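I opened my notebook to look up how this chain is put together. I will take one topic at a time and write down what I find.

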Amino acid sequence: MQALRHYLLALQFFTRIPVTGRLAEWVGYSPAMLRASSAHFPGVGWIAAAVAMAIYAALAGLLAPNPWAGAVAAVGSTVATVLLTGGFHEDGLADVADGLGGSADRERALDIMKDSRIGAYGAMALVLALAAKLALLALLGAHSLPAALAALGERMCSRACGRCSSCAACRTWATRRAPRASPWRTRSVHARSRPLFSGALYPPRW
């Protein structure tokens, strides 16, 4: 049951899927639980990408053989994932682009990233990234539906593996910062939370 709490906390953090009311009270929250929930980040990525695949397949199937079916399906699947995640990844991309493009000074770049307003570099990065994604998905959809779904499936794996690598990087950083205490503390937290949907991609114990 503890693993389920950690998974729901990760779902609440990365998506707009409602975890409220009595369910939220049952899940609870603490900094230790948030650290433990990182074991389930890959599983959240699988859900987000699975939704994109389902929406794309449904729209492409309904609109076929219209030549614009692939483009409409690409837009629909992208809108669905943005609504599902609350634009979490897009917001991060814009922040990074503004920070790295706005200043070469480390502290100044971090200050820019903390600013909630979007700048020119962030806007350009978002437009170019979304345009490239939509164009490529539309092109693949025009070629064949399985090709487009395969590309979205690859995104599913990349989302999950990306969360695995970020968790591993955080663990490595913490170990180097506190080599005596951090490995045991990290292991004790994560040992209580085995991934529900990502055991094949993410090691349940560190």
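**Entry 1: the whole chain.** I count a residue as buried when its relative accessible area is under 20%, and as exposed when that area is over 50%. With that rule I looked up the total: 36% of the 206 residues of the protein count as buried. I note that this is a predicted model. Next I looked up the secondary structure. The protein has 10 helices and 0 strands. Read from the N terminus, the elements run α-α-α-α-α-α-α-α-α-α. I also looked up the contacts between residues with a separation of 6 or more. Of these, 66% join residues 24 or more positions apart.

**Entry 2: Ser37.** I found Ser37 in helix H3, which covers residues 31-37. Is Ser37 buried or exposed? Its relative accessibility is 0%, so Ser37 counts as buried. The cut-off for buried is under 20%. I then asked which residues Ser37 touches, leaving aside neighbours within four places in sequence. They are His6, Leu9 and Ala10.

**Entry 3: a peptide bond.** I checked the bond from Ala64 to Pro65. This peptide bond is cis, and its omega is near 5°. Where does Pro65 sit? I found Pro65 in the loop between helix H4 (41-63) and helix H5 (69-85).

**Entry 4: H4 against H5.** Now I looked at the helices on either side of that loop. H4 and H5 pack at an angle of about 150°, and their axes are 8 Å apart. Angles over 145 degrees count as roughly antiparallel. H4 and H5 are therefore roughly antiparallel to each other. H4 passes H5 in a right-handed crossing. Several residues make the contact. On the H4 side they include Ile47, Val51, Ile55, Tyr56 and Leu63. On the H5 side they include Ala69, Gly70, Val72, Gly76 and Thr85.

**Entry 5: H5 against H8.** H5 also packs on helix H8, which covers residues 120-143. The angle is about 135°, and the axes are 8 Å apart.

**Entry 6: H6 against H8.** I moved on to helix H6, residues 88-102. The axes of H6 and H8 come within 7 Å and cross at roughly 130°. H6 and H8 are therefore oblique to each other. The crossing of H6 and H8 is right-handed. From H6, the contact residues include Glu90, Leu93, Ala94 and Asp98. From H8, they include Ala120, Tyr121, Leu126 and Ala129.

**Entry 7: Ile118.** I found Ile118 in the loop between H7 and H8. Is Ile118 buried or exposed? Ile118 is exposed, because its relative accessible area is 51% and the cut-off for exposed is over 50%. Leaving aside neighbours within four places in sequence, Ile118 is in contact with Ala94, Asp98, Ala123 and Leu126. Ala94, Asp98 and Leu126 are also among the residues in the contact between H6 and H8. Ile118 and Asp91 are 27 residues apart along the chain, and their C-alpha atoms are separated by 8.8 Å.

**Entry 8: salt bridges.** How many salt bridges are there? The count comes to 2. In one of them, Glu107 pairs with Arg106, with the closest N and O atoms 2.9 Å apart. Glu107 is found in helix H7, residues 106-114. Glu107 is partly exposed, with a relative accessible area of 45%. Arg106 has 59% relative accessibility, so Arg106 counts as exposed. Another salt bridge joins the side chains of Asp115 and Arg117, at 2.9 Å from N to O. Asp115 is partly exposed at 27% relative accessibility. Arg117 is exposed at 63%.

Definitions and conventions: Residues are numbered from 1 along each chain as its sequence is written. This is a predicted model: local features need pLDDT of at least 70, side-chain atom pairs count only at pLDDT 80 or more; totals for chains, interfaces and linings use all residues. Side-chain values use heavy atoms; hydrogens and water are left out. Helices (H or I, at least four residues) and strands (E, at least two) are DSSP runs, numbered from the N terminus. Buried means under 20% relative accessible area, exposed over 50%, partly exposed in between (1.4 Å probe, protein chains only). Contact means heavy atoms within 4.5 Å. A salt bridge is a side-chain nitrogen of Lys or Arg within 4 Å of a carboxyl oxygen of Asp or Glu. Axes are lines fitted to C-alpha atoms, for helices over the stretch in contact, and angles run from 0 to 180 degrees between N-to-C directions. Angles under 35 degrees count as roughly parallel, over 145 as roughly antiparallel, 65 to 115 as roughly perpendicular and the rest as oblique. A crossing is left-handed if the near helix is turned anticlockwise from the far one by less than a right angle, and right-handed if clockwise.
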